[in-house]
Protein chains: 2
Amino acid sequence: MANSTKARLHRRRYAMVMAGGSGTRFWPWSRSDLPKQLLPLAGRVSMLGETLARIRNVIPRRNVLVVTGKHLRRAVARAVPELPPESIFCEAVGRNTAACVGWAALEILARDPDGVMVVLPADHIVTPLAAFERSVEEALAVADTQRVLVTFGIKPTSPETGYGYIHARERLGSRNGALRVEAFHEKPSAPRAKRFLRDRNFYWNSGMFAWRADVVLEEIHSHAPRLARALDEMERARRGKRIAQSAVDRVYAGLESISIDHAVMEKSARVAMVPAHFEWSDIGSWDAVADLWPRDADGNSSRDPVIALGSKNNLVATRGKPVALVGVEGLAVVDSGDAILVCRRDRAQDVRSVVSALDAAGLGDLK
Amino acid sequence: MANSTKARLHRRRYAMVMAGGSGTRFWPWSRSDLPKQLLPLAGRVSMLGETLARIRNVIPRRNVLVVTGKHLRRAVARAVPELPPESIFCEAVGRNTAACVGWAALEILARDPDGVMVVLPADHIVTPLAAFERSVEEALAVADTQRVLVTFGIKPTSPETGYGYIHARERLGSRNGALRVEAFHEKPSAPRAKRFLRDRNFYWNSGMFAWRADVVLEEIHSHAPRLARALDEMERARRGKRIAQSAVDRVYAGLESISIDHAVMEKSARVAMVPAHFEWSDIGSWDAVADLWPRDADGNSSRDPVIALGSKNNLVATRGKPVALVGVEGLAVVDSGDAILVCRRDRAQDVRSVVSALDAAGLGDLK
């Protein structure tokens with residue numbers, strides 16, 4: 001391919017980064033105005049910052065759209081100061097992923113009728129970089145040339161019951177690694193998850209996608225007519241380069257909350273999957289963070305100074321504050337400066353209940 | 001008794017409060033320059049402050065001597081600002097209780113040849129106040145009129161193996177509640193402690209005493225001749241109201257470390273015991289603090305805002321910082337602002353080992 005063609009292709013690539021999650025499972029680090037994606041859970045910068053760094057080589061910087069909540073605009077700008085303000089798109093209310101994918105597709109289509117976009121949650125762990133870049137290149141190429149909706153399938157390494165699964169085996173074409181998707185499966189029961197793992201034609205649904213902006217809008221028109229009408233209304237409110245925020249807010253208010261998976265992917269006949277070459281985790285709770293951080297011989301994970309006496313398999317997250325553990329096992333110990341969590345790691349999902357209980361305890365300012 | 005006689009008796013009363021302990025078991029609250037007695041473990045003020053408040057009605061304020069370590073002078077003055085500087089006596093090196101009891105007796109004898117003193121550790125819990133005052137009055141009266149060394153015996157409520165025991169049954173006289181002491185017993189084995197508890201003539205040795213200054217010095221001369229010679233040397237260095245600090249420091253350097261119990265009480269024939277009317281605890285570790293603080297229905301003790309989900313019998317000590325507990329049991333969770341301890345309560349004694357490990361962990365400034 002000539003260099004000029006390559007450069008033209010590169011210029012057509014966009015990324016939409018979904019940074020609207022409100023996550024309560026990382027309390028006390030996470031707050032209503034500082035959700036998981038803005039926390040430095042994996043590296044030294046926020047997960048959103050890491051996500052943006054991850055696509056630097058494959059997506060032109062000015063072609064990155066970050067969609068987040070209105071109440072998070074300032075926190076996003078603070079967490080990722082290198083992000084130009086015009087790249088931030090704010091929802092007054094969250095309406096799951098279908099609405100924001102449609103909105104982003106409209107904005108991208110207005111910039112380039114041949115725009116092809118990758119959709120990435122801002123709060124996933126992906127390594128190594130080169131493998132990720134290869135998968136994105138592959139997915140964008142398939143999406144562009146085959147005019148299909150492409151998902152990234154993760155090869156399961158355990159019978160996870162917390163993820164959706166994709167069933168795929170037939171190759172889409174001879175010139176790429178993409179597979180035709182047979183079906184999407186919701187979070188399975190434990191025995192079903194075990195069967196999926198053994199079968200080898202099942203993949204974890206990563207929630208990452210690639211498609212041409214025009215193709216995903218066509219599919220929304222075919223399978224989600226109410227959302228399509230709403231998007232048409234928004235498009236009529238375009239003021240030059242962007243749709244007027246007031247129109248977005250008004251239309252959003254009337255939308256149902258539905259994921260792009262439910263609204264389109266599970267219904268469309270034009271769905272393909274690229275098996276991911278990278279390692280992936282959506283780190284859903286403090287428990288999962290332990291796998292990311294340095295671990296001592298007794299399985300205690302931390303980036304902070306820890307003295308562990310007769311203590312095993314604990315996670316310590318204190319932003320630098322020294323911690324001593326004596327005779328404890330399987331705990332998450334988290335300090336945010338203004339609050340402390342001590343939680344059994346196998347009950348890390350229950351941290352949501354702590355957040356729910358804050359108001360009644362007179363600690364609503366820690367939400 | 002005529003009021004003037006009563007007042008004369010009152011003026012002869014002295015208290016020596018021992019505030020030299022270095023305690024490492026309350027880390028991270030306690031530090032080498034902020035030991036247990038300077039911490040607000042029981043109430044809102046330091047344990048030393050509470051000890052001084054406790055004797056306010058029975059000992060004239062100017063007759064209180066606080067003996068502490070030289071390195072603690074400033075911390076003591078900060079913890080108890082109401083204490084006049086001339087009431088603080090500092091040891092350059094600690095030499096257990098025999099040496100400082102002797103020194104204090106010399107200083108009291110110089111002020112009043114009929115001085116009678118109560119000796120109190122600064123880090124004990126004693127309630128209620130009226131019962132304590134009654135016991136002190138009784139002990140001082142017996143010490144003064146009978147010219148004996150009086151200990152306070154605590155009626156055991158459990159077969160404690162961590163305390164020394166006093167065996168006493170015969171009454172000393174008909175006009176007071178004091179008993180003649182038959183023997184002192186070191187910390188017993190568990191079966192022995194159970195026997196002591198059943199016997200009813202055994203008492204916990206509280207480490208609190210009362211005696212005339214001249215009587216305790218006589219007994220030191222009889223049973224601890226080396227200490228007696230050292231005290232004589234110190235007395236020769238008296239400059240007006242006080243013995244010169246330089247002489248105290250020099251003499252102390254050559255002294256052996258020995259408790260007043262070993263040096264004198266266990267050898268003297270002039271020993272009596274007053275059964276205490278008060279509740280007493282020497283709260284030896286974080287575990288014991290749980291008994292002092294407000295407790296929720298699940299046995300979680302704290303003075304701080306705590307959200308406890310499926311959590312039982314924990315102690316939280318965070319100086320006001322909110323804590324959430326999820327699925328944990330029998331833990332002590334302690335925050336000092338610059339460090340956190342998470343410790344199984346039944347291993348609270350091992351907190352000393354944490355302090356020993358600080359240097360190797362590069363955290364020596366937290367000692």
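A:A324 has B:L341 as its bridge partner in β19(B). The model is predicted. That pairing belongs to a set of 4 bridges that join β17(A) to strand β19 of chain B, residues 340–344. The two strands run parallel. The points below cover the interface of chain A and chain B.

**Extent of the interface**
- On chain A, 34 residues are in contact with chain B, and 34 residues of chain B take part in turn.
- The two chains bury about 2,600 Å² between them.
- Carbon and sulfur atoms give 74% of that area.
- In chain A, the residues that lose the most area to chain B are A:V326, A:I340 and A:V342.
- Together these three account for 24% of what the chain A side buries.

**Charged and polar links**
- The rule finds 2 salt bridges across the interface of chain A and chain B.
- B:K321 forms a salt bridge with A:D335. Their closest N and O atoms are 2.9 Å apart.
- Between chain A and chain B, 14 residue pairs are in polar contact, with both residues at pLDDT 80 or more.

**What chain A supplies**
- Four strands of chain A each supply at least two residues to the side that touches chain B: β15 (306–309), β17 (323–326), β18 (331–335) and β19 (340–344).
- The helix α12 (351–357) also supplies at least two.
- β19(A) gives the most to this side, with 5 residues.
- The side of chain A that touches chain B divides into 23 nonpolar, 5 polar and 6 charged residues.

Notes:
Residues are numbered from 1 along each chain as its sequence is written. Chains are lettered from A and ligands numbered from 1 in the order in which they are written. This is a predicted model: local features need pLDDT of at least 70, side-chain atom pairs count only at pLDDT 80 or more; totals for chains, interfaces and linings use all residues. Side-chain values use heavy atoms; hydrogens and water are left out. Contact means heavy atoms within 4.5 Å. Buried area is the accessible area (1.4 Å probe) that two parts lose on being put together, summed over both. A salt bridge is a side-chain nitrogen of Lys or Arg within 4 Å of a carboxyl oxygen of Asp or Glu. A polar contact is a pair of N or O atoms within 3.5 Å; within protein, one must be able to donate a hydrogen and the other to accept it, and residues adjacent in sequence count only if both atoms are side-chain atoms. Ala, Val, Leu, Ile, Met, Phe, Trp, Tyr, Cys and Pro count as nonpolar, Asp, Glu, Lys and Arg as charged, and the others, Gly among them, as polar. Two strands pair if DSSP finds at least two bridges between them.
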